[in-house]
Structure formats: structure tokens, C-alpha cells
Amino acid sequence: MKKQICILGSTGSIGTQALDVIEQHSDLYEVYCLTANNRYEMLAQQARKFRPAAVVIANKDYYENLKALLADMPDIKVYAGAQALDEIVEAGPVDMVLTAMVGYAGLSPTIHAIRARKTICLANKETLVVAGELICRLATQYNVNILPVDSEHSAIFQSLVGEGNNEIEKILLTASGGPFRKFTLEQMADVKAADALKHPTWDMGAKITIDSASMMNKGFEVIEAKWLFGVEADKIQVLVHPQSIVHSAVQFADGGVKAQLGVPDMRLPIQYAFSYPDRLSLNAPRLDLFKQPLEFFEPDMKKFRCLAMAYEAIRQGGNMPCVVNAANEIVNEAFRHDRCGFLQMADIIEATMQKATFIAKPTYDDYVATDAEARRIAAEMLG
């Protein structure tokens, strides 16, 4: 029986590469559902090619457009809205849900998928940033595997396979450093979105590329690693590694370090999440270690305050990472539309952390309220 896969966010960078993996292994995997937020035309094209049982467009404004494009394919059910996302992941035939949506919007459907006992292939880091404790508790309660798709977390996961209960001394989380690694603070004050979107090694969506430039993305990955691997933040060390070849590593109690290396290509971690514990052939570029040196540097926390604030959010715990994520989503979008300076993003996030209501033991409803409050605070500061 082919594994039935639901892809949340099929038109984004992760989603399109996941479809390439599925196409390469069409004897093993089949698309059950594809979803998108706004790109209904691309979603329709994907549906025509992969013929899923259903498609969902989160933005209801595009429902009629999508339905019209697929009018001659009555076997494909067309749905719209956030509630439809929550419901489609619960469908009986679905074996795995790839959560490749961007941002806070991925939280609710991920929770519904866990409660429906679907295997989670996690590419939406905000889910664990916002509600890591809740997600881990639900995964244990419903006996659900959460398999990481982020290249760094997949690398850590791959390094831990076969290690049993061996003690982790340190997680070495690599970061490219983004396009402004060598910039001074004065230079960073004047950068625009077009500059930040020129990532040196990865081809990602706009929101994540901006987060990478500010290193907030790496801060979120520290929080994600804490929950995925049960390691406290002070044992997670960020290494700036401009070549993006060592995707991350684990140092054990005896001092031994295991790492996963490869070219910057998301298809490998996507496929490994689908096929774990097996490794399948993959038609993708191979690593040539003769071609470049491997360099590692300490991150500059004064220049990249977003990374420092993520560590501070973990230290405070409770709903503080949720506050940081919500404020970041607001300023990230504002920066992309030239309504906020690059360094101003960190100022607004920090001020939001100070103003938002702190909740030490948040419930799901608390996370929803926190997200709304922090967004409002950050938006007010933007004016």
C-alpha cells in the first residue's frame, strides 16, 4: 500500500520539493491532499498533475477561482478556509502530514493531525516555537511520531539514530549567517528587503529568508531543537557555517561528534522524514568535499539581537516564545513592505516582549490570545 501524504503548503519551497520526492518514488507515496494559502493557480496545476483526493485553499476569496480551474476534474474535492485545513488532516486515508505552511497558521492543523494520530513530518518550526510543550505532550498522549524536516533538525535526528539513550553533551546547530554576516551595524541599518532576500546558499520563501537574514530563524530553530530532542537551550550552540554543508551535529558525553553533511538541498531531509528509518535513492546533486573549505564562526549576538532574544524567550519560558513569534511575523512582513527598518525589527520584538502579558503555564486558548495581543502591540508600534 502506498503511503498517503497530505501536504500543508504545497506551493511553497518545501511543498514543491516534497512533490518532486513523491514523484521520484511514486511506487511508495501518493498525494492525498494539497493545500495553499493564496496561490490557487499553482495549486490547480499541482492538482492536475498529482490528482489528489482533495485540495484546500486557505484564503476563501480564491475558492470560486480554484473550483473553476478544476471544474473538469470532479474526483478532486475543493475546499476553502482554516477549518477545512483542520478537517482534511483528519481524513481516514491520510498516513502522513507534511506541515510546510509558514508561520503561526500551521499550529492548529498540526494539533488536529496529532489528535487524528497521523505521523507528522514537521517543516513548520513555528508550531514548536509557539506551543512546544503542548505539542510534545499531545504527541506523547496520542503516540504520534514527529519527524523533523528542517535541514538542521533532520541532521541532528540522523546523527542520533542508533544512539539509544546515550547522553547528548551538546547540539551544534549550524547557520549560514545569511547575507549580512560581514556587515557592520551601520551597514545593516540601511539594508532593504531586496538585499535581505539574496540568501547565499538556500532558496527559501520570502518570510523565512528574512528571518534567516536577521538570524531569528536560527533562534526559532534553537527553540525547536529544545522540544524535539529534549535538550536545554544552554546545551545548544549555534555555529555560523557559511558553506551550509554541515547541516548540524551532536556531541556526546565521550566528546565524540556526529554530523550530517550534504549539499544545500531540502529534498534529502524531506525524503528521510517520509522513508525513516530507510534511506531511498534520490536524484539530487552529490557533495564534493574537494570543492570548498568548511569554516565555522561564533555568531555575533550584538549584531544579531533576534538570536539573543530567542534564547531569552526560552529562558523565560511560558508563552514568551509565542510573543516573540507573533511580533516577528508582524515586523517581518512590515520590513518586506518597506514599513520597518532591518534593525528596527529587533527593537519592536524586544518592546513587545516587555509589554505582552506573561503566562507561565499557557493553555491552547492562552496561546491564541497571546498571539493576538502580541500582534496588536507590535502593529501599534509600527504606527
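Modeller: Across the whole structure, a search finds 20 salt bridges, a salt bridge being a side-chain nitrogen of Lys or Arg within 4 Å of a carboxyl oxygen of Asp or Glu. This is a predicted model, in which local features need pLDDT of at least 70 and side-chain atom pairs count only at pLDDT 80 or more, while totals for chains, interfaces and linings use all residues. Residues are numbered from 1 along each chain as its sequence is written, and side-chain values use heavy atoms, with hydrogens and water left out.

One of these bridges joins the side chains of Lys-218 and Glu-152, at 2.9 Å from N to O. Lys-218 lies in helix H11 and Glu-152 in helix H7 (residues 151-160), so the pair ties together parts that are 66 residues apart in sequence; helices here are DSSP runs of H or I with at least four residues, numbered from the N terminus. Lys-218 has 6% relative accessibility and counts as buried, and Glu-152, at 9%, is buried as well, where buried means under 20% relative accessible area, exposed means over 50% and partly exposed lies in between, with a 1.4 Å probe and protein chains only.

Lys-218 also forms a salt bridge with Glu-221, with the closest N and O atoms 2.6 Å apart. These two residues are 3 residues apart in helix H11, a separation of about one helical turn, and both of them are buried.

Another pair, Arg-376 and Glu-380, lies in helix H16 with its members 4 residues apart, again about one turn of the helix. Their closest N and O atoms are 3.4 Å apart; Arg-376 is partly exposed, with a relative accessible area of 43%, whereas Glu-380 is exposed at 54%. Returning to Lys-218, salt bridges that share partners join this residue with Lys-125, Asp-150, Glu-152 and Glu-221 into one network.

Helix H11 (residues 216-229) has a neighbour in helix H10 (residues 206-214), and their axes, which are lines fitted to C-alpha atoms over the stretch in contact, with angles running from 0 to 180 degrees between N-to-C directions, come within 5 Å and cross at roughly 90°. H10 and H11 are therefore roughly perpendicular to each other, a label given to angles of 65 to 115 degrees. Where the two helices meet, Lys-207, Ile-208, Asp-211, Ser-212 and Ser-214 in H10 are in contact with Met-216, Asn-217 and Phe-220 in H11, contact meaning heavy atoms within 4.5 Å.

Definitions and conventions: Angles under 35 degrees count as roughly parallel, over 145 as roughly antiparallel, 65 to 115 as roughly perpendicular and the rest as oblique.
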